[in-house]
Amino acid sequence: FQQQSRPSPESQLQDAGNRLLHHYPVFRLDAETVRDSILAVSGRLDRTQFGPSIPPYRTKAKPHRKLEAGPLDGDGRRSVYIKVTRMEGNQFMELFDRPDPLSTRGRRDRTNVPAQALSLLNDPFLIEQSLFWANQLVQREEVAVAERVAWMYLKSFGRYPDSQEQDRMEAFVGRLQQLYQVEDGDLMQSLVVWKDVCHAMFNSKELLYVW
């Protein structure tokens, strides 16, 4: 996390509950918002309101238990439209503390465990959305890496990168170009390069946490 300045004794007295925005505690977005944010950034989010629920993704349907197999991305629908099933719900959202429908919960857990980081690296939903976003990127008209990186930051975080972030991301693109042996003239249309860049953006703490 970014290092935050310690609040003064005066501000602590005025905000003993540590709830004001000038030093509000960092916390991770809830499961539904994490998923919807990824879909929104990739351009896959379907903002249509109402309609039938979408069965959660499963590798195999189980008709004898009335468990349908929904699409990996939920057809792009917002998480509120993903069907809640008592058994075998959406594993990605459950990992990020979506409440278990089998038990009563007065307040959601808010955990930060290694399995969440591993999921962001390896979950097929993240990989699919990285490829989907990369397909959108390579169709854009930017002619320079710097211009595309700036646009990706604006799309992901609602701001442009600072000079250090810009330099680091451009260097990362350059390393991927070398790794995949992509020619300079093909770089801006290289799906393998930009898929990894998109995946890295999805793993950014700024996308997943509120500061």
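Is Tyr 153 buried or exposed? Tyr 153 has a relative accessible area of 8% and is therefore buried, a term that stands for under 20% relative accessible area, with exposed meaning over 50% and partly exposed the range in between (1.4 Å probe, protein chains only). The model is predicted, so local features need pLDDT of at least 70 and side-chain atom pairs count only at pLDDT 80 or more, while totals for chains, interfaces and linings use all residues. Residues are numbered from 1 along each chain as its sequence is written, and side-chain values use heavy atoms, without hydrogens and water.

A pair of aromatic rings is described by the distance of the centres and the angle of the planes. Rings of Phe, Tyr and Trp (its six-membered ring) pair if their centres lie within 6.5 Å; planes under 30 degrees apart are stacked, over 60 edge-to-face and the rest tilted. The count by this rule is four aromatic pairs. In one of them, Phe 92 and Phe 125 have ring centres 5.4 Å apart and planes at 55°, so this pair is tilted. Phe 92 belongs to helix 3 (residues 91-95) and Phe 125 to helix 5 (residues 124-137), so that the pair links distant parts of the chain, 33 residues apart; helices are DSSP runs (H or I, at least four residues), numbered from the N terminus. Phe 92 is buried at 6% relative accessibility, and Phe 125 is buried at 4%.

The rings of Tyr 153 and Phe 157 are edge-to-face, because their planes stand at 75°, with centres 5.3 Å apart. Both residues lie in helix 6 (residues 145-157), four residues apart, about one turn of the helix. Phe 157 is buried, with a relative accessible area of 15%.

Key:
Helix = DSSP H or I, 4+ residues; strand = E, 2+ residues; numbered from the N terminus.
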